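Biologist: Could you walk me through the ligand site in this one? I'd like to know how the contacts are counted before we start.

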Amino acid sequence: MKKVIAIIGLTAAIAANSQAAAVTVTLACGAVGQELELCKAGADRWAKKTGNTVKIFESPNLTNDRLGLYQQQLAAKSSDIDVYQLDVVWPGLLSQHFVDLKTKVPAAEVNAHFKGIVAANTVNGKLVALPWFTDAGLLYYRTDLLTKYGYKTAPKTWAELATMAKKIQTGEQKANKSFAGYVWQGKNYEGLTCDALEWVVSFGGGAIVDDKGAITINNAKAAAALDAAASWVKNISPAGVTTYGEEEARGIFQSGNAAFMRNWPYAWALGQGEDSKVKGKIGVAPLPSGGAGNAATLGGWQLGVSTYSKNQAAAIAMVRYLAGPEEQKIRAIQGAYNPTIQALYKDPAVLKANPFFGSLLNVFTSAVARPSGPTKGKYNQVSQAFSSAVSDVLNGKSKGAAAVAKLSTDLARIKGRGW
Ligand code: GLC
């Protein structure tokens, strides 16, 4: 469903004094957690500063649904949307539809962002979008319950997590039947690709496809990682976990019904909100290791200007403002959206609102990329094949070893058509 909300700036007043006529820019953004609200507020600030008008094109929650919708608009060369919020795994898929910002944005401004994220947005030398916020998978836990059950620290390994989650779940279920040990993203979609990549990398099973494009997923460690995750379902995680996205997991954790949760940083700000049942009782740690160290999947969102936009100059100006330090700081403080501008990790107000931005900085700087770089235009097919294979293991339709063997054959077929 498409909702368009207009944010009117001081159009009349400023237009009267300005050479450039005010225009209306449409921005597609939203919608998980506070994303839409903070996007609207930022657009509103830019509209007020410049006298332009911004319309918000509200996007669906799931990244897969957003991609489908955006691909339709872009394939039709529609000028309806000027600026798109792009997932970090999309530049390779969508680069041809976006303005090269390298020639439009001063190099110093681009270089203020983390190098790796700028690289993820660069396709054949073209800067497809400006980084807006970054993401990495985190382990959330209930500090009060860890203490209650005699634990001093968050689990360091998946095996420890399973033991702790089971003990807490058994104890809590005496009074609360719906209490869960561990909630995460088990639905078959891009979010499952993110979670499962973390398991596989932490077991030493590689990142599905390596940097050179070779398929590496068919190995015993990857298989063991998937089998371990399958053992959580209906044990420390509810049967329904295989239908959860980010928001379902957050809903359960935030209402006090889970001991552990895997989620992105945005869940912190909401978990510490006034209406949260677990405010003041949340700890954040790196995800556990499967023997090869902990791994967090690199996520995050960028802002790109459509080549079909009829208002490119204004659209670029808006993207520069929204991706700039002032807005990134507000979003970090209000919504725990991780800045992509390095300097903001030293900002006292940002660190006060999100202490883990400082204590877990290495988690953010060493996050593992999904193989969107090497698989380019085929990334979406690769990711869907991977999440479907994982989903089969979680649902008991396949064992890890058989699933990674079949997946490897499926990926070879996709690669055969070129990536
Ligand atoms: C988050 C990440 C994004 C990822 C998505 C999966 O929004 O930032 O990169 O694709 O989750 O659900």
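Modeller: A polar contact here is a pair of N or O atoms within 3.5 Å; within protein, one must be able to donate a hydrogen and the other to accept it, and residues adjacent in sequence count only if both atoms are side-chain atoms. This is a predicted model, where local features need pLDDT of at least 70 and side-chain atom pairs count only at pLDDT 80 or more, while totals for chains, interfaces and linings use all residues. Residues are numbered from 1 along each chain as its sequence is written, and side-chain values use heavy atoms, with hydrogens and water left out.

Biologist: OK, how far is the polar side-chain atom of Asp135 from an oxygen atom of the ligand?

Modeller: That distance is 2.5 Å for Asp135, and a side-chain N or O atom of Asp87 is likewise 2.5 Å from a ligand oxygen. From the backbone, an N or O atom of Gly300 lies 2.8 Å from an oxygen atom of the ligand.

Biologist: And how much of the ligand's accessible area does the protein cover?

Modeller: The protein covers 94% of the 310 Å² that the ligand has on its own, with areas from the Shrake-Rupley method and a 1.4 Å probe, and for residues only the protein chains shown counting as cover.

Biologist: Which element gives the most to the shell?

Modeller: β12 does, with three residues; helices (H or I, at least four residues) and strands (E, at least two) are DSSP runs, numbered from the N terminus. Both α9 (190–202) and β12 (298–305) supply at least two shell residues each.

Biologist: Switching topic, where is the cis peptide bond?

Modeller: The bond from Gly30 to Ala31 is cis, with omega near 5°, and Ala31 sits in the loop between β2 (24–29) and α2 (35–50).

Biologist: What about phi of Lys234?

Modeller: Phi of Lys234 is near 65°, a positive value in a residue other than glycine, and Lys234 lies in the loop between α10 (220–232) and α11 (246–254).
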